[in-house]
Amino acid sequence: PRLSDHLPAETKNSAQVMDLPTAILQVHFPDSNEKLKAAQDRLAFDEIFLLQLGVLNQKRNWDSVSTQTIDISDEWLEAFYSRLPFALTNAQKKSIQEMREDLKSGHPMNRLLQGDVGSGKTMVAASAAAMIISQGFQAAFMAPTSILAEQHYQSLLKLFCEGENALLSADGIRLLVGNTSESERREILDGLQNGSVSLLIGTHALIEEPVAFKNLKLVIIDEQHRFGVSQRSALRNKGDNPHLLVMTATPIPRSLALTVYGDLELSVMDEMPAGRQPVETFVLSPSGRE
């Protein structure tokens, strides 16, 4: 009975949860199964409620920060689209438009891009990087494994550095992973500091100490759930309030997105590019592994 309850009465009433002293008592010494269940519900409610308050507070703090306005013209965007070897889906164009609005807002973008494997998230992220680079800023693209980072590097090299209207020279985009040689690493670090490297792709090697950017304005994180919050902010701290785009192929129910990712705006890619083979998901029993 000496425990004070941090939830106001109206919150407890609307959530239909018992008060904290009763819940603590009933979870240890339950009078009945129903009381035990109700006590567990109250404690579970507190965890998610406080987590949500935390992320919303984080969102409010982030929204109060200002950053340089980046205004991308329709002409630039049309020219960029015309360089692509394929047509974008409406879902991709909508996500790119949402990012464009974020960049123009004067506040750092804080967006979660969710879409199935094969829905073209990398292309949307590449468009964001292209917008930033076209204004003379730098972008960083972090992936959870060396193989994934290498794949992104190869596809973005093709997209940015080939053709007569290439956005970047091949030296302007670099790959940094755990086994990058010492001499190449030094070259990359120098290029980041003098601004000749505009786009750096890599694993968590990007957030390690010697890596410093001249003017980092965009942080892209692939497979967001593989990185913790502190890793996300470590990369973000390498710039002056840079924009943040995180990507995931894991379908997130809306209720969970509002709770765990409540500090992020949500873009959903719900359309597959033409000609993509459908993604098939299977459940295999242990005996089916072979």
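Q: Does Trp 76 count as buried, partly exposed or exposed, and at what relative accessibility?

A: This is a predicted model, in which local features need pLDDT of at least 70 and side-chain atom pairs count only at pLDDT 80 or more, while totals for chains, interfaces and linings use all residues. Residues are numbered from 1 along each chain as its sequence is written, and side-chain values use heavy atoms, with hydrogens and water left out. Buried means under 20% relative accessible area, exposed over 50%, and partly exposed in between (1.4 Å probe, protein chains only). Trp 76 counts as partly exposed, at 21% relative accessibility, whereas Phe 80 is buried, with a relative accessible area of 3%.

Q: How many aromatic pairs does the structure hold?

A: Rings of Phe, Tyr and Trp (its six-membered ring) pair if their centres lie within 6.5 Å, and planes under 30 degrees apart count as stacked, over 60 as edge-to-face and the rest as tilted. The structure holds 2 such pairs. In one of them, the ring centres of Phe 45 and Phe 49 are 5.3 Å apart and the planes are at 15 degrees, so this pair is stacked. Both residues lie in helix 3, 4 residues apart, about one turn of the helix. The rings of Trp 76 and Phe 80 are also stacked, because their centres are 5.4 Å apart and their planes are at 5 degrees.

Q: Why do residues three or four places apart in an α-helix point the same way?

A: An α-helix has 3.6 residues a turn, so residues at that spacing point the same way.

Terms used: Helices (H or I, at least four residues) and strands (E, at least two) are DSSP runs, numbered from the N terminus.
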